[in-house]
Amino acid sequence: MKQNIKRYLKTNLIAFIIGGLLISGVAVYAAITFPSNEVFYSNTESGLESNNVQEAIDELYTECTKEPTTGEQMLEKVDLEKDPYECRYFFTGQNPNNYITFNNEQAGWRIISVECDGSIKIIRNESIGGMAWDSSNSTNWNRPADLNTYLNNTYYNSLTSTAQNQIVAHDFSIGGLNENNNDLADQINDENNTTWNGEIALATLSEYIRINSNIEECGTYDLYYDNSVFNHTCESTSWLDVSQSDEYWWTLTKSQNMSNYVYCGPITGSYYDTLPRVSNNILPVLYLSSDLKLSGTGTESDPYTLS
């Protein structure tokens with residue numbers, strides 16, 4: 001089968017070159033009598049780098065037989081919301097089919113987003129307990145904060161070896177958010193201004209906002225707060241708010257407005273900033289490697305599984 005693919009590529013690529021020479025008025029025999037490796041052409045539009053036939057065949061063969069990444073597999077399976085701010089795809093709404101089994105925890109995690117690098121960002125569906133973000137009241141996750149140390153040492157070491165091998169180190173956004181700027185694009189830029197690379201962290205405040213399908217009433221921090229505190233509008237249109245509405249949990253986002261404050265939430269769907277030294281619940285977040293394979297439909301009874 002693979003040899004057939006190569007023969008097809010070579011036949012059609014040479015035919016394409018000959019056709020181009022005919023159109024341009026160049027004698028066909030010149031292309032035929034030269035060995036294929038010596039026929040040069042521009043390959044810039046294809047996105048590949050080769051400039052002769054044999055190299056092009058090898059490159060095209062590699063592209064044609066390349067296994068899809070985890071993210072590409074997910075995008076083929078479901079219709080995700082394309083994020084207008086970054087190259088990401090989110091699961092949004094009240095109860096999408098985004099359950100996944102990880103660390104032998106059946107449907108114990110849910111998929112936040114599919115990333116354009118092929119990785120998948122997941123969050124644990126239930127808290128692993130409560131602790132301070134940082135007992136010294138620092139809002140610098142990269143210091144590292146106490147919760148950073150706990151997640152990437154004690155908690156990471158409690159995972160199965162298979163689960164550890166499925167995690168890929170990734171950049172997490174740890175910048176502060178200015179809640180007075182009621183523009184979500186600016187708030188995302190604020191978070192992305194500073195990054196930390198590691199295995200396990202938390203979700204950002206803007207991610208919680210973006211998984212809500214009610215953009216009109218819940219699409220920025222101020223809207224989310226106002227329509228949650230006063231009329232609970234945003235609770236029913238976010239899968240995470242629905243499942244965790246009875247407890248507070250930490251986000252990764254600190255406040256620019258209040259010195260030494262970090263955002264957490266939501267009870268009744270609202271987010272607020274608080275001192276890092278207080279105890280709140282922890283929902284670990286991590287990225288799965290793009291090399292993994294997926295099966296399942298993502299429902300709670302038939303969650304995605306990894307291999």
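Which helix does Gln-164 lie in? Gln-164 belongs to helix H6, which covers residues 161-166. Before going further, please keep in mind that this is a predicted model. The protein averages a pLDDT of 81, and 74% of the residues score at least 70. Over residues 1-11, though, the pLDDT is below 50, and beyond near neighbours in sequence this stretch has twelve contacts in the model. Residues 14-39 also stay under 50, with 21 contacts beyond four places in sequence.

**Around Gln-164**
- The side chain of Gln-164 reaches back to the backbone oxygen of Tyr-156, at 2.9 Å.
- Setting aside neighbours within four places in sequence, Gln-164 is in contact with Tyr-156, Asn-157 and Leu-159.

- Helix H5 (residues 146-158) has 13 residues, which at 1.5 Å a residue should span 18 Å; the end C-alpha atoms are 17 Å apart, in agreement with that.
- In helix H7 (residues 184-192), the buried residues are Leu-184, Gln-187, Ile-188, Asp-190 and Glu-191.
- Seen down the axis of H7, these buried residues fall within an arc of 155°, so they line one face of the helix.
- The N-terminal end of H7 is capped by Asp-183, with a side-chain oxygen 3.0 Å from the backbone nitrogen of Ala-185.

- Arg-210 pairs with Asp-83 in a salt bridge whose closest N and O atoms are 2.9 Å apart.
- Arg-210 is buried because its relative accessible area is 9%, under the 20% cut-off, and Asp-83 is buried with 5%.
- Arg-88 and Glu-207 form a salt bridge too, with the closest N and O atoms 2.7 Å apart.
- Here strand E2, holding Arg-88, is linked to helix H8, holding Glu-207, across 119 residues.
- Both Arg-88 and Glu-207 are buried.
- Asp-83, Glu-86, Arg-88, Glu-115, Lys-121, Glu-207 and Arg-210 are linked in a network of salt bridges.

**A salt bridge between strands**
- Arg-124 and Glu-105 meet through their side chains in a salt bridge of 3.2 Å, N to O.
- Arg-124 is in strand E5 (residues 120-124) and Glu-105 in strand E4 (residues 105-115), 19 residues apart.
- Arg-124 is buried at a relative accessible area of 17%, and Glu-105 is buried at 18%.

Methods: Residues numbered from 1 in each chain as written. Predicted model: local features only at pLDDT ≥ 70, side-chain atom pairs only at ≥ 80, totals over all residues. Heavy atoms only, no water. Helix = DSSP H or I, 4+ residues; strand = E, 2+ residues; numbered from the N terminus. Polar contact = N/O pair within 3.5 Å; in protein donor to acceptor, adjacent residues only side chain to side chain. Contact = heavy atoms within 4.5 Å. pLDDT = per-residue confidence, 0-100. Expected span 1.5 Å × (residues − 1). Buried < 20%, exposed > 50% of the residue type's maximum accessible area, 1.4 Å probe, protein only. Arc of directions from axis to C-beta. Salt bridge = Lys/Arg side-chain N within 4 Å of Asp/Glu carboxyl O.
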